[in-house]
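The following report goes through one structure and its secondary-structure elements. Please read it alongside the sequence and the coordinates.

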Amino acid sequence: MRKSLHFRDNDKFKIVQFTDTEFCEPDEEEIHMKALMRRILETEKPDLVVYTGDVIASNKSPNPIEAFKNAVSVPEEMQIPWTAVFGNHDSEAADMTREQLHNLQLSHKYCYAQPDPPHVHGAGNYVLEILDKQHQPAAALYFLDSGSYSPLEYLRVGFYDWIRRSQIHWYTETSYRLTARNGGSPLPSLGFFHIPLPEYNDIWDFSVCYGQKLDKCCAPWINTGFFAAMLEMGDIMGTFVGHDHGNDFWGTLHGIRLCYGRTTRNAYLNQPFQTGARVIQLTEGQRSFDTWLHLEDGSIIQDQPEHKPEGRHVQI
């Protein structure tokens, strides 16, 4: 039977974003993290769980396959639909490729990811539609593989990877198709990937943002134009990433909200920073979304602290 996502009878659709869980092998920290995830899911009762990369730390794990199964065991056991994109740590082990990980997630009963489209770079590029009461597409969720490490690092072109042109072409073609099928009106959509776009640096430096930036914004040095493509297509209202454990801010650029999640594992900071998750809620028929943080102590952060732009210092 084909798996499908639906808006609830109250017109809502809720997503819980876990990020940078980096499961490796069972220990006290991972037992604690799984208990945290279960508490959040029991409270929020989401329609979908999304892992935005670094699901596992494959190079540290004696058994990356078991680590991945452990990472997704909570929504699987709770029978909640879930899906994942991959980050730089997921495929660092020599015997664990991104293609293997994507096939592994597809083998799970409650995983709603889709097989990769042909001739598109990476593993884990797919779109999920959310259906209305008439079983017609009313919203879309795009998932993209933002890669791992710069293929041009030997030329000193950055450290982290970027969304490639074939992925942008796949996104625009898919968006065109969904828009045409919707009578020419772009479907309200969200985007999920691991490594932030270069525009995440721009919104912090030059726009009003909400939340904290306690890490560098480790975006790629190469800008391949994915943000411009989203702007031109007019469907994606917001993007959600992980990667930088100490960042949870969001800001708006040309009408698109660029959001970090909230790390679900240790942020590795020299100051208190609770782990948790970001929650996203869509409303059927509305081109907008609500989002808040759910922290490990059970607190809900609806209004994050405001940060006013400070500009950018030239680095010599």
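Leaving aside residues up to four places away in sequence, Val-85 touches Tyr-51, Thr-52, Gly-53, Val-55, Asp-90, Gly-124, Tyr-126, Phe-143, Leu-144, Phe-192, Phe-193 and His-194, where contact means heavy atoms within 4.5 Å. Val-85 lies in strand β4 and, at 0% relative accessibility, counts as buried; buried means under 20% relative accessible area, exposed over 50% and partly exposed in between, with a 1.4 Å probe and protein chains only. The C-alpha atoms of Val-85 and Asp-54 are separated by 8.4 Å, although the two residues are 31 residues apart along the chain.

The model is predicted, so that local features need pLDDT of at least 70 and side-chain atom pairs count only at pLDDT 80 or more, whereas totals for chains, interfaces and linings use all residues. Residues are numbered from 1 along each chain as its sequence is written, and side-chain values use heavy atoms, with hydrogens and water left out.

**The two sheets**

Helices (H or I, at least four residues) and strands (E, at least two) are DSSP runs numbered from the N terminus, and two strands pair if DSSP finds at least two bridges between them. Strands of a sheet pair through backbone hydrogen bonds, either parallel or antiparallel.

Strand β4 belongs to an open sheet of six strands with mixed pairing, in the order β4-β3-β2-β12-β13-β14. Its edge strands are β4 (82-85) and β14 (300-301), each of which pairs on one side only. Strand β13 (residues 289-295) pairs with β14 in the antiparallel sense over two bridges, and His-294 stands opposite Ile-300 in β14. Helix α1 (residues 28-44) packs on this sheet, where it touches β2 (12-18), β3 (48-52), β12 (276-283), β13 and β14, and the direction of α1 makes about 170° with that of β2; such angles run from 0 to 180 degrees between N-to-C directions, and the axes are lines fitted to C-alpha atoms, for helices over the stretch in contact.

Nine strands form another open sheet, also mixed in its pairing, in the order β1-β5-β6-β7-β9-β11-β10-β8-β15. Here the edge strands are β1 (5-6) and β15 (306-307), each pairing on one side only. Several pairings within this sheet are set out below.

| Strand pair | Sense | Bridges |
|---|---|---|
| β1 and β5 | parallel | two bridges |
| β5 and β6 (residues 137-143) | antiparallel | six bridges |
| β7 (residues 189-192) and β9 (residues 236-241) | parallel | four bridges |

Individual partners can be named for each of these pairings. Leu-5 stands opposite Ile-130 in β5, the bridge partner of Val-127 in β6 is Tyr-142, and the bridge partner of Gly-191 in β9 is Thr-239. Strand β5 (residues 126-131) is mostly covered, with five of its six residues buried.

**Helix packing**

Two packed helices are described by the angle between their axes and the distance between the axes. Helix α5 (residues 165-181) and helix α7 (residues 226-233) pack at an angle of about 10°, with their axes 10 Å apart. That angle makes α5 roughly parallel to α7, since angles under 35 degrees count as roughly parallel, over 145 as roughly antiparallel, 65 to 115 as roughly perpendicular and the rest as oblique. On the α5 side the contact is made by Ile-168, Tyr-171, Thr-172, Ser-175 and Tyr-176, and on the α7 side by Phe-226, Ala-229, Met-230 and Met-233. These residues divide into seven nonpolar, two polar and no charged, where Ala, Val, Leu, Ile, Met, Phe, Trp, Tyr, Cys and Pro count as nonpolar, Asp, Glu, Lys and Arg as charged, and the others, Gly among them, as polar.

**Backbone exceptions and cysteines**

Most residues other than glycine have a negative phi, and most peptide bonds are trans. In the hairpin of β5 and β6, which has five residues between the strands, His-135 takes a positive phi near 60°.

The structure holds zero disulfides, a disulfide being a pair of cysteine sulfur atoms within 2.5 Å. Cys-217 is in no disulfide, and the nearest cysteine sulfur, that of Cys-218, is 7.2 Å away. Cys-217 counts as buried at 9% relative accessibility, and Cys-111 is buried with a relative accessible area of 2%.
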